[in-house]
Amino acid sequence: MINGSVHFLSSIIKYKMKTQSINKIKLGIFICTGIAIFLAGIYFIGETKKLFSSTFRMSALFKDVNGLQVGNNVRFAGINVGTVESIKIITDTIVKVDMVVDVKTQQFIKKDAKAIIGSDGLMGNKILTVSPGTNGIPLVENNDMIGTTIPVNFDDIILKIKTTGDNAALITDDLAAMMGNIRSGKGTIGKLFMDTVFADNLDKTIVNVKQGTKGFKQNMDAAKGSFLLGGFFKKKPNAGDDKKVKEEKKLKQEKKVKEEKKKNQDDAKKISEEKK
């Protein structure tokens with residue numbers, strides 16, 4: 001009985017020790033995994049922020065940074081090459097932005113490079129984009145100040161779109177009022193489309209004008225053929241017509257000379273054949 005109790009207690013103790021060992025192993029694995037994830041996160045964040053690579057600094061002056069913040073990306077040729085290190089207000093119209101950029105990019109950036117503030121997508125975070133500059137210009141150096149380009153303000157775009165929409169609404173209202181006047185027969189165009197009497201009168205007027213024009217032409221033709229007025233309608237030769245007449249006369253004379261020359265040759269040939 002006593003031996004059985006001792007054996008039972010020893011089994012319980014062994015089980016508890018085994019369970020504790022397993023829990024310790026699990027805890028160790030969990031801690032190691034957490035440390036590995038933590039180190040990997042630090043590495044990726046440092047790689048993104050260029051903490052583990054050689055860098056150089058540039059600065060740019062803006063009137064308005066449009067929501068740019070410290071830590072936002074700096075892009076060159078569409079690639080993230082650095083971050084915004086600091087933003088300082090110099091005066092009421094000048095804001096200085098300091099950048100930390102990967103030193104590998106320095107060989108592509110010239111001293112006349114420009115920095116412009118943009119957005120990462122339509123509603124994304126603000127980014128600072130750097131242009132390469134002009135070929136032949138010396139490369140940018142550490143702590144250099146580069147030029148800037150005025151960024152496009154999204155609020156201004158929205159305001160312009162709103163103004164365009166308001167103008168379109170006004171134009172639509174004016175067109176609606178105009179069409180209403182036309183339908184009601186107001187104005188010349190309304191009478192032309194809606195008033196049948198006015199349209200008939202306009203058609204008759206056009207017919208009368210055509211008939212009058214035809215009668216005037218007949219009178220002018222009769223005047224040209226009359227004995228008294230025919231001389232006024234005779235066409236006076238101009239310099240071009242006179243030149244044309246002279247050319248035709250010259251061609252006729254040349255043709256006549258050629259024909260006489262050919263006739264003389266034929267006569268001479270005929271006489272020579274008769275002598276033979």
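Keep in mind along the way that the model is predicted. Ile35 lies in helix α1, which covers residues 2-48.

In soluble globular proteins, nonpolar side chains tend to be buried together. The largest nonpolar core here has 22 residues, and Met58, Met99, Leu128 and Val130 are those with the most contacts inside it. To see where this core comes from, colour β1 (55-62), β2 (73-76), β3 (79-89), β4 (95-102), β5 (114-119) and β6 (126-130), each of which supplies at least two of the core residues.

Stay with β6 and select Leu128, which is the bridge partner of Val74 and which also stands opposite Ile117. Showing the neighbouring strands sets these two pairs in context: β2 and β6 run parallel and are joined by three bridges, whereas β5 and β6 pair in the antiparallel sense over five bridges.

Finish at Val130 and display its surroundings. Which residues does Val130 touch, not counting residues up to four places away in sequence? They are Met58, Val74, Arg75, Phe76, Ala77, Met99, Ile109, Ala113, Lys114, Ala115 and Ile146; among them, Met58 and Met99 are listed with Val130 itself as residues with the most contacts inside the core.

How values were computed
Residues are numbered from 1 along each chain as its sequence is written. This is a predicted model: local features need pLDDT of at least 70, side-chain atom pairs count only at pLDDT 80 or more; totals for chains, interfaces and linings use all residues. Side-chain values use heavy atoms; hydrogens and water are left out. Helices (H or I, at least four residues) and strands (E, at least two) are DSSP runs, numbered from the N terminus. A nonpolar core is a set of buried Ala, Val, Leu, Ile, Met, Phe, Trp, Tyr and Cys residues joined through side-chain atoms within 4.5 Å. Buried means under 20% relative accessible area, exposed over 50%, partly exposed in between (1.4 Å probe, protein chains only). Contact means heavy atoms within 4.5 Å. Two strands pair if DSSP finds at least two bridges between them.
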